[in-house]
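Here is a walk through the model, taken one spot at a time. Keep the viewer open and turn the structure around as you read.

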Amino acid sequence: MKHLLGTKDLTKEEILTILDMAAPMKDIILREIKKVPTLRGKIIATLFYEPSTRTKNSFELAAKFMSADTVSISVATSAVQKGESLRDTVYTLEAMGVDAIVIRHSRNGAPHYLASFSKASIVNGGDGQNEHPSQALLDLFTIREHKGRIEGLKVLILGDIMHSRVAKSNIYALSKLGAEVIVSGPPTLIPEHVKEYAEVCYDVDAAIRKADVVNVLRLQLERQQAGLITSLQDYHATYGLTKERVAKGKDDLLILHPGPMNRGIEIDEEVAYSRQSVIQEQVSNGVAVRMAIYYLLLGGAQA
Amino acid sequence: MKHLLGTKDLTKEEILTILDMAAPMKDIILREIKKVPTLRGKIIATLFYEPSTRTKNSFELAAKFMSADTVSISVATSAVQKGESLRDTVYTLEAMGVDAIVIRHSRNGAPHYLASFSKASIVNGGDGQNEHPSQALLDLFTIREHKGRIEGLKVLILGDIMHSRVAKSNIYALSKLGAEVIVSGPPTLIPEHVKEYAEVCYDVDAAIRKADVVNVLRLQLERQQAGLITSLQDYHATYGLTKERVAKGKDDLLILHPGPMNRGIEIDEEVAYSRQSVIQEQVSNGVAVRMAIYYLLLGGAQA
Amino acid sequence: MKHLLGTKDLTKEEILTILDMAAPMKDIILREIKKVPTLRGKIIATLFYEPSTRTKNSFELAAKFMSADTVSISVATSAVQKGESLRDTVYTLEAMGVDAIVIRHSRNGAPHYLASFSKASIVNGGDGQNEHPSQALLDLFTIREHKGRIEGLKVLILGDIMHSRVAKSNIYALSKLGAEVIVSGPPTLIPEHVKEYAEVCYDVDAAIRKADVVNVLRLQLERQQAGLITSLQDYHATYGLTKERVAKGKDDLLILHPGPMNRGIEIDEEVAYSRQSVIQEQVSNGVAVRMAIYYLLLGGAQA
């Protein structure tokens, strides 16, 4: 593996390799001294063209736990302001000795474009409405940790499927590992072609009753302005993961959310902090999965 | 000690423990090689909801001198922008393996709220108009270093007492260690209840004549817009620490200021850089005191 | 050497010492493990009053490759916002244990002012329209690496000479090492006094024909608004380094550009990525030269 661009491009075996590698990585971050020398002398750059704390910090901490150095570039302060092209920015990072570049960009395919010429490893940290593979991999890791398997599970993805890169990366990865994917949410926000990969179930309550796992998507609040949903209250009433809806589901229904949450909109506070929720654990697993990704891309094995 | 929220909550013994621990820490930062492995593999996050360089850098350098890794979150670039709650931000940091969180927030009590549920240690880096304990501790360390003691000293705090978290943290800590605290400044900016802890002396010149130490507060320039002071010139004339005022005080009057200074307003340039001023030393001591705080909170002893 | 303020102040021997030292530094960044312990326990601050990614990252990575810790201060988030003077900012950094300060400032002479009182080493990272010495040193390093020498070479500097600190630092350094400097560009952007150091040749094509090396300056796009150039199209037609112009030059003409490039304006895309271009190499060499600067300033030799 040279780059990590999306789960669409990964084989089942590659996905399993990353998940297997993430387990020993998780042990490291639970230690008293969270530091191994594996990637000492490697440089990892985060190049974020969209604001983010959670994902960026997760990628940066993963690097630090492995003793890599990090360099962080955000649009606000970068030469991008001076009109530098994405290509030249990447050439520059490469020339400075950067070994891997984690990129988040509003344009679909930006990481794939970079991977077409970059000598440094490219990690997709979220591209437009296309993919967010590390998020899907941490979701799968979390599910497998709790359910013992992925194959045969019914995994419901709930919310704005159309605009969600988290949904897409999850759907591809879950399908490859043999899960049965169900999607639910506003009909206006579920694209037709998703039926290739998933069962569409517009009845949220019915979908929840069937599910072993529900992954609640964050509602992008700007969707309301675009007229795609009527109101936040309506959204909550019709599609929100409420205590009542959860009560009608399986007792061991596992609840995931990629964060940050709009509590009281797509998910209720008491659900988010309930026994069935593994939302905070997803965050820990995110660091572990990103450590595994770095390890596999940067050949930590030989170091 | 699990958290550092304010000097109000500290015992005399706890304050002395921190001050005693800061002395060997100061030796480290005066060395040619400013680095000890004490907190290797620990992660310290700075979470600043108000702009700051001085305090943030001081906390971050203190961490680096002890080989801890740091992660820095500022509001401008954080998920806070996406409406994430303070609680979820802290849960996220915790889940990522963060051991201590230094928080600065405009709301009084924000750190206390976080400490009520956080598994990570919370360090108050300044909360609203409430407390700024690490600043007070470094002020006391500096005073003790020069005067050999705190007990029995007359310490004047000069300026906007009402809105100053530095004033409050100093008053609590100084009182506990047996100093005699005097406050002076515009009557509109000295709250009644301060009389519980300190002598109020509206005559600045008389107050300076009595003092062994004067701690000049930074004037928040927005106070003028609020109509609490008439003009900066008036403020300087009536309450500024001028050369003339210092000349009438004790010859060994010790002059402190938390910085950044408004030179020519609350303090004159020649006073700020005079023989009696220890303002730059406070900055060094700030790093040492913060190292001591980390050491005590993060159990460096066992590492 | 205590500070690096400009190439104007450097002797020929000092320049050669830096270039010679940069060669082993370059070896380090080409290694699998890009890290040496030379500056462990040293602190290097970047204090940038103008936006920059390229130069700031280069200085920070150079520090990290040598195991120094870094602290980064940008105007947007700094106490400068609170009206702190440049002097007090530097006093504060010094007091916190900072060993070297890399400053970029819009005012000519800002680094020289700081050097007049700072105990920390001051490195000029670009001051107004005055100097950008590390850029010139990396340009010379790159030229020498390819041509085997500087002395006797004809080096053309093309573009807005008047406002360019890169041009000035290059002209001083090249002259001291015995190169023959030619400048070309819009007559309105070439100051009279440059004739002391360089041959002025308004005919760009003639200048290119003579040159062994051409260093193309970045066009500051705001110059057009100021009426100093007519249009970007005109600029490109008359002064841009096009494929056609390069074809009329020497076959081994070496092409440099300090970046970030305005492709299609001062330089054509195919020229920028051609066989004769060493633009990306300049970026790598920039890190190496900055490592050499730190080494010489911070006495790595004794550490």
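Start with C:Asp212, which sits in the loop that links helix 7 (204–210) to strand 8 (213–216) of chain C. Bear in mind that this is a predicted model. Is C:Asp212 buried or exposed? Its relative accessibility is 12%, so C:Asp212 counts as buried, the cut-off being under 20%. What does the side chain of C:Asp212 make a polar contact with? The partner is the side chain of C:Lys250, at 2.8 Å. If you set aside residues up to four places away in sequence, C:Asp212 touches C:Lys147, C:Gly152, C:Leu153 and C:Lys154, and also C:Lys250, C:Asp252, C:Leu253 and C:Leu254.

Stay in chain C and look for C:Pro260, in the loop between strand 9 (254–256) and helix 11 (269–272). The peptide bond that joins C:Gly259 to C:Pro260 is cis, with omega at about -15°. Now switch to chain B, where B:Pro260 lies in the loop between strand 9 (254–256) and helix 11 (269–272) of that chain. The bond from B:Gly259 to B:Pro260 is cis too, and its omega is near -10°.

C:Ser67 is not a glycine, yet its phi is positive, about 70°. You'll find C:Ser67 in the loop between helix 2 (54–65) and strand 2 (69–74) of chain C. With a relative accessibility of 13%, C:Ser67 counts as buried. Over in chain B, B:Ser67 has a positive phi of about 70°, although B:Ser67 is not a glycine either. The loop that holds B:Ser67 runs between helix 2 and strand 2 (69–74) of chain B, and B:Ser67 is buried, with a relative accessible area of 14%.

How do the chains relate to each other? Chain B can be laid on chain C by a turn of 120° and a shift of 0.0 Å along the axis, with an RMSD of 0.0 Å. The two copies are therefore related as by a three-fold rotation axis.

For a place where chain A and chain B come into contact, go to A:Lys35. This residue is in the loop between helix 1 (12–30) and strand 1 (43–48) of chain A, and at 17% relative accessibility A:Lys35 counts as buried. Neighbours within four places in sequence aside, A:Lys35 is in contact with A:Ile28, A:Lys64, A:Phe65 and A:Ser67 in chain A, and with B:Arg40, B:Gly41 and B:Asp69 in chain B. The side chain of A:Lys35 also reaches the backbone oxygen of A:Lys64, at 3.3 Å.

Back in chain B, helix 2 (residues 54–65) carries B:Phe59. B:Phe59 is buried, and its relative accessible area is 0%. Leaving out residues up to four places away in sequence, B:Phe59 touches B:Thr46, B:Val102, B:Val123, B:Gly125, B:Ser134, B:Arg290 and B:Tyr294. How far apart in space are B:Phe59 and B:Ile293? They are 234 residues apart in sequence, but 9.9 Å apart in space, C-alpha to C-alpha.

Now step back and take in chain A as a whole. Chain A is divided into domain 1 (7–132 + 283–298) and domain 2 (133–279). The C-alpha centres of these two domains lie 25 Å apart. Where the domains meet, 32 residues of domain 1 are in contact with 27 residues of domain 2. Between them the two domains of chain A bury about 2600 Å², 58% of it on carbon and sulfur atoms.

Finish with helix 6 (residues 165–176) of chain A, whose twelve residues reach 17 Å from first C-alpha to last, close to the 16 Å expected. At the start of helix 6, a side-chain oxygen of A:Ser164 comes to within 3.2 Å of the backbone nitrogen of A:Val166. Helix 6 is mostly covered, with ten of its twelve residues buried; among them are A:Val166, A:Ile171, A:Tyr172 and A:Leu174. After helix 6 comes A:Gly178, with a positive phi near 85°.

Key: Residues are numbered from 1 along each chain as its sequence is written. Chains are lettered from A and ligands numbered from 1 in the order in which they are written. This is a predicted model: local features need pLDDT of at least 70, side-chain atom pairs count only at pLDDT 80 or more; totals for chains, interfaces and linings use all residues. Side-chain values use heavy atoms; hydrogens and water are left out. Copies are superposed by least squares on the C-alpha atoms of residues with pLDDT of at least 70 in both. Helices (H or I, at least four residues) and strands (E, at least two) are DSSP runs, numbered from the N terminus. The expected span of a helix is 1.5 Å times one less than its number of residues. Buried means under 20% relative accessible area, exposed over 50%, partly exposed in between (1.4 Å probe, protein chains only). A polar contact is a pair of N or O atoms within 3.5 Å; within protein, one must be able to donate a hydrogen and the other to accept it, and residues adjacent in sequence count only if both atoms are side-chain atoms. Contact means heavy atoms within 4.5 Å. Domain bounds come from an automatic or database domain assignment. Buried area is the accessible area (1.4 Å probe) that two parts lose on being put together, summed over both.
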